Amino acid sequence: MTRPDLRRLFSACDLNHSGLIEFEDFSGVCRELDLSRSQIDSLFQKLDVDTDGSINFSDFTAGFQEVSAVLDLSSIGSEGTHRLRDEFEERFGDGLHYLR
């Protein structure tokens, strides 16, 4: 996955546009992807590299490879990213207009 693809995915998870993914936002997105609470907790801990309670873009990119294996996103390329974005838009409606 390219850096711009990662940026779009990060933005899709940053629901309040703060530049950080807080646990509440992260867990909401993960619940939409049908992950269990234990999976959500584990993934958040892996992505929160600096353990400050939120995920910044640097944390996100550093931990994404490991996390993508759990989410089965490792084979997503540009075409897959568009499908993922479309799925997010379908699930969250106009709230993701900034990804276009």
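Start in the middle of things: select Ile21, Phe26, Ile55 and Phe60, the residues with the most contacts inside the largest nonpolar core, which has 17 residues. Now colour the helices. Helix 1 (3-13), helix 2 (23-32), helix 3 (37-47) and helix 4 (57-71) each put at least two residues into this core. Keep in mind as you click around that this is a predicted model.

Next, zoom in on Ile21. What does Ile21 touch, leaving aside residues up to four places away in sequence? Show Phe10, Cys13, Asp14, Phe26, Phe44, Ser54, Ile55 and Phe60, and you have its contacts.

From there, move along to helix 2 and pick out its buried residues: Asp25, Phe26, Ser27, Gly28, Val29 and Cys30. Then step past the end of helix 2 to Asp34, where phi is positive, near 65°.

Time for the rings. The model has 5 aromatic pairs. Select Phe10 and Phe60 for one of them: this pair is edge-to-face, with 5.4 Å centre to centre and 70° between the planes. Phe10 belongs to helix 1 and Phe60 to helix 4, so to speak a bridge between distant parts of the chain, 50 residues apart. Both of these residues are buried.

Now try Phe23 and Phe44, another edge-to-face pair, at 5.1 Å centre to centre and 85° between the planes. Phe23 counts as partly exposed, because its 25% relative accessibility falls between 20% and 50%.

The charged end of Arg7 sits over the Phe57 ring, 3.7 Å from the ring's centre.

Last stop: colour by pLDDT. The chain averages 75, and 65% of its residues reach 70 or more. Select residues 74-81, where the pLDDT is below 50; this stretch has 9 contacts in the model beyond near neighbours in sequence. Then select residues 92-100, also below 50, with 15 contacts beyond near neighbours in sequence.

Key. Residues numbered from 1 in each chain as written. Predicted model: local features only at pLDDT ≥ 70, side-chain atom pairs only at ≥ 80, totals over all residues. Heavy atoms only, no water. Core = buried A, V, L, I, M, F, W, Y, C linked by side-chain atoms within 4.5 Å. Buried < 20%, exposed > 50% of the residue type's maximum accessible area, 1.4 Å probe, protein only. Helix = DSSP H or I, 4+ residues; strand = E, 2+ residues; numbered from the N terminus. Contact = heavy atoms within 4.5 Å. pLDDT = per-residue confidence, 0-100. Phe/Tyr/Trp six-rings, centres within 6.5 Å; stacked < 30°, edge-to-face > 60°. Lys NZ or Arg CZ within 6 Å of the ring centre and 35° of its normal.
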